[in-house]
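Here's a walk through one protein model, taken a region at a time. Keep the structure open while you read.

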Amino acid sequence: MGEKTVRTEDVGTGDKTGEMRRVDSLNIEAGKVSGYQGHGAKHSWKTTLSLAIQSVGVVYGDIGTSPLYVYSSTFPDGIKEKDDILGVMSIIIYTIFLVPLLKYVFIVLWANDNGEGGTFAMYSLICRHAKVSLVPNNQPEDREISNYKLDRPSSELKRAQAIKKKLENSRLVQYVLFVITITGTSMVIGDGVLTPCISVLSAVSGLQNGFKSLDQRAVVGISIAILILLFAVQQFGTDKVGFTFAPIILLWFLFLTGIGLYNLITYDITVLKAFNPMYIVTYFQRNGKAAWVSLGGAVLCITGTEAMFADLGHFSVRAIQISFTCFTFPTIIIAYLGQSAYLAKHPGDVATTFYASIPKPLYWPTFVVAVLAAIIASQALITGTFSIIAQSLGLGCFPRVKIVHTSAKNEGQVYIPEINYLLMIACVIITACFKTTEKIGNAYGIAVVSVMIITTCMITLIMLVIWKTSIFLIAIFFVVFIAIEGVYLSSVLFKFVDGGYLPLLFSAVLMVIMAIWHYVHKESYMFEVKNKVSTEYMKQLASNPDIHRIPGMGFLYSDLVQGVPPIFSHFVSNIPSVHSVVVIVTIKSLPVSKVLAEERFIFRQLEPKEYRMFRCVARYGYNDLVEGPKEFEQLLVENLKEFIRMKGVMSEGNSTNSYEEEMQFVQEAMDKGVVYLMGEAQVVAEEKSTWFKKIVVNYIYDFLRRNFRQSDKILAIPRTKLLRVGMTYDI
């Protein structure tokens, strides 16, 4: 049977009873069977191969559609010499080999957080191994969570210990790490805005080859219509929108392979010489600055690489490694080789390389599949943006938004209405203003390379602190990839005024929002810590005859994980009555992807015990779904009764009737109705604060708070059960 242990503590006195309890339960056992399993778990080869095939249709849409626009973006002014084609082809081959294949597939994927990938997953991993979180809400019990998964070797390397100590003792380093994380996250969101624009626009541009009379304005108009339709169907969920058409991506890759091989054999098989890296050297010697600038277009061949890591949660490391190494990598290399062979004979067609190189009988079938593949590629990035916002919300880094879970099978798939329509408006404006893939490509490159550099830095830190890798190997990894990505970044930044400013502008706006929200969230938490209710106050309250106990159960929500929040005393002073059972509830996000259901709740009883006030911390991972009010009430009360029972069993001198009566009392209180008590905190800067802080807290944060959703709407609490309590927090 399932087993569960819980530590109990009387918060009023601060005394730990040290009791450990064991619960045998069919429900817990069932929870373990159906609950979350990290992707560190081993899969059978049959399952792994099945996941590998599925991943082709979901993960590689973006990198798979990059042949639509890479050559046109690399040679915006045309091809001067045939050997330039070989030079660029060699750059593409070794860029794809070194960055997506070597760096991501064989190194970065292993830095997952119980199977979840992405910038926030890496940050969470670091937060678990070193106390670098800016909000000090760590509890010893958190380490007992199954998915916390901390390695505790008998002897750690001194280097790792020294770095960990510096991380934990330096507030500056903690802020820098947080800023790097939200920068990477913001860039990925910027990628999510630009991918639909460039993918759909480049695919639709194929109409101009079929209908010569069609001008660019018509292409832009059709692209905008497709984008609006794409965002309109997001509400139906990824599993219905994306997975239904996943076989189209497989078909798209088959088209790429077939057309690539045809062009390679038909036009110029000698482009295979591009596997010789000396062509890169001669390309730079021949073209100098122009070759360096052209890297801004060539780097687009690895767009979507970060998606392999970000979308890891739906698959496994081995599945991604197999699918990319054995299928995606050779397919896109063949596609680019085929285009190079065609351009060797028709250099004048570089502006429309992809569509010009398609054999006539396959033109329209390829066009249809290309448009659908572009839509699916966009879908993956849009969904990834939703997931990132949901993760940042769980870590207190983003204003509250409505999160709709769209799939019962894949819990990580979410839909956020507000973000969806903001993305749609942004995509429509960008497509209408930029009009061509070359101009959007200038912006796209900065978002792609910036995220990669941030990933390199965070992986280096993980190697130092968590993996404890050889310093020699770490140095090779860091120097090689920072050098490659640094050169690419310098090239894409050269096009700053030609559209490169766009992702930086997006990132700056998002970073300001995330930083301000997290700062005020942290300061509000510290205010509650400093002003929490004393034990003496609770004893006086219990003996005060003017305080009435009313039937029912009250859930008082607070971010505070220990002690009684100041909002409670404020509530009692304004309404001198307390429910017969009061549970102070904290919804706490842990730096893990998921928390098992049987490990969800921690309970403590406040003194005096006869007052029947309890402390409850409900722990969720950043990919967990918070239950609806009715289900949450039932889960909490059942776990609370179990806590009372086990506390009674473990306490000497307590009769069976004593704790059974207490459990019955709690059940009756719930049956009489549950009321949610929500603190409506008005956060303002102290009078002595600087003018800058007053602007940030009193105006910008207040604007965000008023225009995004309130806590009760996020938790879907019925209005008939809600009681708000107002209070001012001076920070």
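Let's begin with Trp364, which is partly exposed, at a relative accessible area of 36%. This is a predicted model, so every value here is computed from predicted coordinates. Phe367 comes out at 10% relative accessibility, so it counts as buried, the cut-off being under 20%. Both Trp364 and Phe367 sit in helix α18, 3 residues apart, or about one turn of the helix. An α-helix has 3.6 residues a turn, so residues three or four places apart point the same way. The rings of Trp364 and Phe367 make an edge-to-face pair, with 5.6 Å from centre to centre and 85° between the planes.

How do Trp691 and Phe692 compare as a ring pair? Their ring centres are 6.2 Å apart with the planes at 90°, so this pair is edge-to-face as well. Trp691 is exposed, with a relative accessible area of 65%, and Phe692 is exposed too, at 53%. The whole model has 25 aromatic pairs. There is also an aromatic cluster made up of Phe555, Tyr557, Phe601, Phe603, Phe632, Phe643 and Tyr676.

**The strands**

Two members of that cluster, Phe601 and Phe603, bring us to strand β7, residues 601-605. Is β7 buried or exposed? Of its 5 residues, 5 are buried, so the strand is largely enclosed by the rest of the structure. Both faces are covered: one side carries Phe601, Phe603 and Gln605, the other carries Ile602 and Arg604, and all of these are buried.

Strand β6 (residues 577-589) has 11 of its 13 residues buried, so it too is largely enclosed by the rest of the structure. Ser577 lies in β6 and is buried, with a relative accessible area of 15%.

| Strands | Sense | Bridges | A bridge partner pair |
|---|---|---|---|
| β5 (548-557) and β6 | parallel | 8 bridges | Arg549 and Val578 |
| β6 and β8 | parallel | 8 bridges | Ile587 and Ala618 |

**Helix α20 and its ends**

Helix α20 covers residues 437-467 and bends by about 30° at Ala443. The helix is mostly covered, with 27 of its 31 residues buried.

What about the loops on either side? Lys435 lies in the loop between α19 (417-434) and α20. This lysine has a positive phi of about 70°, although it is not a glycine. Most residues other than glycine have a negative phi. Lys435 is partly exposed, at 38% relative accessibility.

After α20 comes Lys468, placed in the loop between α20 and α21 (471-494). Lys468 also has a positive phi, near 55°, and is not a glycine. With a relative accessible area of 22%, Lys468 is partly exposed.

**Empty space inside**

Rolling a probe the size of a water molecule over the atoms shows where empty space is left. How many cavities of 30 Å³ or more turn up in the whole structure? The search finds 4, and the largest cavity holds about 110 Å³ of space.

The lining of that largest cavity is made of Val188, Asp191, Gly304, Glu306, Ala307, Ala310, Asp311, Ala380, Leu381, Gly384, Thr385 and Ile388. Elements giving two or more residues to this lining are α8 (171-204), α15 (305-310) and α18 (363-394). Which of the elements gives the largest share of the lining? That is α18, with 5 residues, the helix where Trp364 and Phe367 lie. By type, the lining of the largest cavity divides into 6 nonpolar, 3 polar and 3 charged residues.

Key. Residues are numbered from 1 along each chain as its sequence is written. This is a predicted model: local features need pLDDT of at least 70, side-chain atom pairs count only at pLDDT 80 or more; totals for chains, interfaces and linings use all residues. Side-chain values use heavy atoms; hydrogens and water are left out. The bend at a residue is the angle between axes fitted to the seven residues ending there and the seven starting there. Helices (H or I, at least four residues) and strands (E, at least two) are DSSP runs, numbered from the N terminus. Buried means under 20% relative accessible area, exposed over 50%, partly exposed in between (1.4 Å probe, protein chains only). On a 1 Å grid over the protein atoms alone, a cavity is a set of points where a 1.4 Å probe fits but cannot get out, and a pocket is an open set with protein on both sides within 12 Å along at least five of seven lines; lining residues have an atom within 4 Å of a point. Grid points are joined across faces, edges and corners, and a volume is the space filled by probe spheres set on the points. Ala, Val, Leu, Ile, Met, Phe, Trp, Tyr, Cys and Pro count as nonpolar, Asp, Glu, Lys and Arg as charged, and the others, Gly among them, as polar. Two strands pair if DSSP finds at least two bridges between them. Rings of Phe, Tyr and Trp (its six-membered ring) pair if their centres lie within 6.5 Å; planes under 30 degrees apart count as stacked, over 60 as edge-to-face and the rest as tilted.
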